Amino acid sequence: MSITTIHDVEFGAELPVFEPDTSLANVGVFARAVGWGGPRFKSHEGARKEGFPGALVPGIMGMGFLTSAIHQWAPVGQVEHVDTVFRAPMLADTPAIISAVVTDIDEDDGIVELDMTVKNTKDETRVFGTARVKLPLS
Amino acid sequence: MVDLEELKGKFLNTEFASRDLQLEADNLIAAATASGESRPEFVDTAHESFQATPAYLCSISSGRHLPVDFPSLGGIPMDGGKAVERFAPVKAGVPLTVKAHLHEIYDKKGRSGRMIFIVVRTELFDEDIAHLANIDSRLVVREKPDS
């Protein structure tokens, strides 16, 4: 269900699952766009030489996945605040699963609070966080 | 063991970095699209409110992470996470000013020792000194027992 006003939101509702593109090529596009061009984001071999198990997805790209999931769920919502904790590295070419749940609703001010996670296919949390989203009152 | 109260007294809320910059539209679109973003305000320069995504704003905070005279805490600072608070759209092609200060210093103690958390707040302003956004970078340092 697409959310258009604060009254469309239900406490405890889960956002539709969002599976982002974590391919090495796409990670490279993001890393170049934000000015992070190190080997760890460009190739698995380069990342291994730096001591990582493979090429990394930048932590802030994980934040980008989370806000994209919010925008797909609530196309008119404005993410006022988003806070992410980078618990463990996300690896390129490894599927990531974004999930989020509504943890609070303020119908007077049109504010929704969300808890969000980025997990791998082993159900291990890579990034988690919260977001405060402003929605129209009507 | 590092005295956090002393660190707070010396470093908190004192600006240690400042720079001017302009965001490039192509980079904003590339980063947004790669993140799975499809809303026009983030991927279409023709949109009246074309702007940077919160994740892109986090990249602005990179650069000098700590004041030059900040003491070594014994370990290498790790990127523990980032937060963005937005007050107004951050647009491409307009002059921006970035200012950084240490916003918070705290610790957590566990079985493996003490972890020190340092929150660097980067504030983003436009040329009219309107406050557009705050970006908080959380650095985590595992203190060495003898430091």
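In this predicted model, 31 residues of chain A are in contact with 25 residues of chain B. About 2200 Å² is buried between chain A and chain B, with 52% of that area on carbon and sulfur atoms. On the side of chain A, the residues that lose the most area to chain B are Ala33(A), His71(A) and Phe86(A), which together make up 22% of what that side buries.

Polar interactions also cross this interface: 16 residue pairs are in polar contact, both residues of each pair being at pLDDT 80 or more, and the count of salt bridges between the chains is two. Asp83(A) and Arg138(B) meet through their side chains in a salt bridge, at 2.7 Å from N to O. The elements of chain A that give two or more residues to the side touching chain B are helix H1 (24–33), H4 and E2.

E2(A) pairs with E2(B) in the antiparallel sense over five bridges, and within this pairing Asp83(A) stands opposite Ala83(B). The open sheet has nine strands with antiparallel pairing, in the order E4(A)-E5(A)-E6(A)-E2(A)-E2(B)-E5(B)-E4(B)-E3(B)-E1(B). Strand E4 (97–106) of chain A and strand E1 (15–21) of chain B stand at the edges with a single partner strand each, so one side of each is left without a neighbour in the sheet. From one strand to the next, the twist averages 20°.

Helix H4 (residues 59–73) of chain A lies across E2, E4, E5 and E6 of chain A together with E2 of chain B, running at about 145° to E2(A).

Key: Residues numbered from 1 in each chain as written. Chains lettered and ligands numbered in written order. Predicted model: local features only at pLDDT ≥ 70, side-chain atom pairs only at ≥ 80, totals over all residues. Heavy atoms only, no water. Pairing = 2+ DSSP bridges. Helix = DSSP H or I, 4+ residues; strand = E, 2+ residues; numbered from the N terminus. Axes fitted to C-alpha atoms, helices over the stretch in contact; angles between N-to-C directions. Contact = heavy atoms within 4.5 Å. Buried area = accessible area lost by both parts, 1.4 Å probe. Salt bridge = Lys/Arg side-chain N within 4 Å of Asp/Glu carboxyl O. Polar contact = N/O pair within 3.5 Å; in protein donor to acceptor, adjacent residues only side chain to side chain.
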